[in-house]
Amino acid sequence: MKTFNLSRLATIAGCLLLISGVHAQTNSVDAPPASADKNDYGLLGKTYFAFDADLTKYRNFPSSPTGFGSDVALNINAGDNFDLGLAYDFAHAKNTTWSNTDNVARIDATGFMKFAHVAPYATVGFGYGREKSSQASVSSPFHRALYNTGAGVEVPLVAQTSVRLGIEREESFRKPRPQDWSYQLALDYHFDDTFCTDVGASVQDGRKGDHDAVVYHAGIRIIFD
């Protein structure tokens with residue numbers, strides 16, 4: 001990963017940890033809700049609906065355009081250590097010389113293990129996307145089937161708060177087969193058993209046609225169990 005990406009990710013991590021530290025000072029419970037046998041922090045192993053709003057800053061591209069997007073998803077706990085996810089992602093960016101609109105529908109399967117103070121996970125998924133890019137008045141729609149793999153950890157910080165660190169690789173089945181490595185950081189805060197906020201960022205390292213970008217997101221989770 002590029003030096004810029006490392007420094008940006010470190011800055012994001014510091015900001016999220018600062019936020020969690022402030023929350024810890026105002027929360028009457030100063031220990032994560034975990035025991036030696038089981039923990040119930042974070043979002044792994046829960047059925048929930050998710051909605052996110054995204055802000056994307058493209059890099060290594062003329063004028064470094066800024067884009068916006070939204071994601072909706074349904075996560076279903078299908079077993080003690082297994083989740084299924086359905087998602088639809090929309091993204092759009094435009095400047096004076098270039099515009100890009102991308103729609104992706106996907107399904108994911110996630111396996112995880114919950115220990116007292118950490119929950120590692122691994123994900124595999126498949127999707128289908130339609131991307132339409134225009135440059136100098138020349139339009140180039142691109143339909144593609146996608147697959148992604150990823151891994152990471154979910155860690156409790158203080159009561160009702162957890163942090164998630166992950167890495168993901170996405171590639172198209174269709175030539176020129178653009179690839180995207182994504183380094184992710186997110187913070188979850190549970191208001192109660194039903195409502196949770198999720199904020200964070202990811203550094204995207206695009207290859208073979210994908211664009212480098214930093215994506216910031218904020219959203220809500222509505223938990224059903």
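Which residue forms a salt bridge with Arg 164? Hi everyone, that is where I'd like to start. The partner is Asp 188, and the closest N and O atoms are 2.9 Å apart. By salt bridge I mean a side-chain nitrogen of Lys or Arg within 4 Å of a carboxyl oxygen of Asp or Glu.

A word on the model: it is predicted, with local features needing pLDDT of at least 70 and side-chain atom pairs counting only at pLDDT 80 or more, while totals for chains, interfaces and linings use all residues. Residues are numbered from 1 along each chain as its sequence is written, and side-chain values use heavy atoms, leaving out hydrogens and water.

Back to our pair. Asp 188 is buried, at 0% relative accessible area; buried means under 20%, exposed over 50%, and partly exposed in between, with a 1.4 Å probe and protein chains only. Arg 164 and Asp 188 also belong to a network of salt bridges that links them with Asp 52, Asp 198 and Arg 221.

In total, the structure holds eight salt bridges. Now, please look at Arg 106, which has a relative accessibility of 15% and therefore counts as buried. One partner of Arg 106 is Asp 89, with 3.2 Å between the closest N and O atoms. Strands here are DSSP runs of E, at least two residues, numbered from the N terminus.

Arg 106 also meets Glu 170 in a salt bridge, at 3.0 Å from N to O. Glu 170 sits in strand β7 (residues 161-172), so this pair ties together parts 64 residues apart in sequence. Both Arg 106 and Glu 170 are buried. Thanks, everyone!

Key. Helix = DSSP H or I, 4+ residues; strand = E, 2+ residues; numbered from the N terminus.
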